[in-house]
Amino acid sequence: VQHEAARRARDGDADLVVVPDYFSNLVYGWESNYWRPFYERLARSFRLILFDKRGTGLSGRGTSFPTLETRMEDLHAVMSAAGSERARILAAKRVV
């Protein structure tokens, strides 16, 4: 079973899911002097949902490069785990 590592920051009125680029690490990102201020600014306005994509950071390792369908299933699983039925998406330039 594949597991995605996710973190929810604060509780805003609207959900914002940040879809990382090729590589991510929730622990590093949250502790980073570069990324944390960015996340905190977003969390002032949104219920911020962060996650590590399959095979990166704290998420389970995959055996192959995931398909677009698999990535969308992962995104849906993260949103469901966070109790999010509808969210805005902030994605890096290369998310597929």
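A salt bridge here is a side-chain nitrogen of Lys or Arg within 4 Å of a carboxyl oxygen of Asp or Glu. Arg36 and Glu40 sit four residues apart in helix α2, so about one helical turn separates them. Arg36 is partly exposed, with a relative accessible area of 32%, and Glu40 is partly exposed too, at 24%. For those labels, buried means under 20% relative accessible area, exposed means over 50%, and partly exposed is in between (1.4 Å probe, protein chains only). Helices (H or I, at least four residues) and strands (E, at least two) are DSSP runs, numbered from the N terminus.

A word on the model before going on. It is a predicted one, where local features need pLDDT of at least 70 and side-chain atom pairs count only at pLDDT 80 or more, while totals for chains, interfaces and linings use all residues. Residues are numbered from 1 along each chain as its sequence is written, and side-chain values use heavy atoms, with hydrogens and water left out.

The salt-bridge count comes to two. In the other pair, the side chains of Asp15 and Arg47 meet at 2.7 Å, N to O. This one links distant parts of the chain, with Asp15 in strand β2 and Arg47 in strand β3, 32 residues apart. Both Asp15 and Arg47 are buried. Asp15 also stands opposite Arg47 in β3.

That brings us to β2 itself. Strands β2 and β3 pair in the parallel sense over five bridges, where pairing requires that DSSP finds at least two bridges between the strands. β2 also pairs with β4 in the parallel sense, over five bridges, and there Val18 has Leu90 as its bridge partner. In a regular strand the side chains alternate between the two faces of the sheet. Both faces of β2 are covered: Ala14, Leu16 and Val18 are buried on one side, and Asp15, Val17 and Val19 are buried on the other.

Trp30, Tyr34, Trp35, Phe38 and Tyr39 form one aromatic cluster, and the structure holds five aromatic pairs. Rings of Phe, Tyr and Trp (its six-membered ring) pair if their centres lie within 6.5 Å; planes under 30 degrees apart count as stacked, over 60 as edge-to-face and the rest as tilted. Tyr34 and Trp35 make an edge-to-face pair, 4.9 Å centre to centre with 90° between the planes. Tyr34 is exposed at 64% relative accessible area, whereas Trp35 is partly exposed at 33%. Trp35 also pairs with Phe38: the ring centres are 5.9 Å apart and the planes at 70°, so this is edge-to-face. Phe38 is partly exposed at 26%.

Finally, the largest pocket has a volume of about 340 Å³. A pocket is an open set of points on a 1 Å grid over the protein atoms alone, where a 1.4 Å probe fits, with protein on both sides within 12 Å along at least five of seven lines; lining residues have an atom within 4 Å of a point. Of the 19 lining residues, Pro20, Asp21, Ser24, Trp35 and Tyr39 are the closest to the centre of the pocket. The elements giving two or more residues to the lining are β2, α1, α2, β3 and β4.

Key
Points joined across faces, edges and corners; volume = space filled by probe spheres on them.
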